[in-house]
Amino acid sequence: MALSKEEREQFLAEPHIAALSVSAGAGRGPLTVPIWYQYTPGGEPWVLTGAGSRKARLIEAAGCFSLMVERTEPTLRYVTVDGPVSRIEPGTEDQHAELAHRYLPPERAEKFLKFALAELGEQVAIYLRPQHWLSTDLGAV
């Protein structure tokens, strides 16, 4: 059964690991990778990635990408959203902290942040303007 607008937005707002997909060009399947993301219902999902990374270059070239999140318990449910890139901005320490604390317990988040700031290099925040949604909850299968 398809989810309502409110249900799909709330589900996307939960801290799932997303599968990000973007066109990899002619003769290739899409690049699909797991990624942390942030989303507030009614807003624009965003991701952080290395400036100049393959993922960032492909997203810039395509001008659009998609995110898919799923769960298997207590029911089989998924949400996909795709659309154009609304903006790409330099990533910030605050955004790193927001994502780390969204996905990790406090002590691991702080450890990850030290690593990220020392090792990951320049990041960009890429924002998606939601245009197309697919969502289903198959109930207890």
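Q: Which strands do the buried residues of H2 pack against?
A: First, the terms. Helices (H or I, at least four residues) and strands (E, at least two) are DSSP runs, numbered from the N terminus. Contact means heavy atoms within 4.5 Å. Here, the buried residues of H2 pack against strands S1 (18–22), S2 (31–35), S3 (46–50), S4 (64–71), S5 (77–90) and S6 (123–128).

Q: What kind of model is this, and how are residues numbered?
A: This is a predicted model: local features need pLDDT of at least 70, side-chain atom pairs count only at pLDDT 80 or more, and totals for chains, interfaces and linings use all residues. Residues are numbered from 1 along each chain as its sequence is written, and side-chain values use heavy atoms, with hydrogens and water left out.

Q: Which residues of helix H2 are buried?
A: Buried means under 20% relative accessible area, exposed over 50%, partly exposed in between (1.4 Å probe, protein chains only). In H2 (residues 54–62), the buried ones are Lys55, Ala56, Leu58 and Ile59. They lie on the same side of H2 because they cover an arc of only 165 degrees around the axis. That arc is taken from the directions from the helix axis to the C-beta atoms.

Q: What is exposed on the other side of H2?
A: Glu60 and Ala61. Just after H2, glycine 63 has a positive phi of about 80 degrees.

Q: How do I read the pairing of S1 with S2?
A: Two strands pair if DSSP finds at least two bridges between them. S1 and S2 run antiparallel, joined by 5 bridges. Alanine 18 stands opposite isoleucine 35 in S2.

Q: How many bridges join S1 to S4?
A: There are 3, and these strands also run antiparallel. Leucine 20 has leucine 67 in S4 as its bridge partner.
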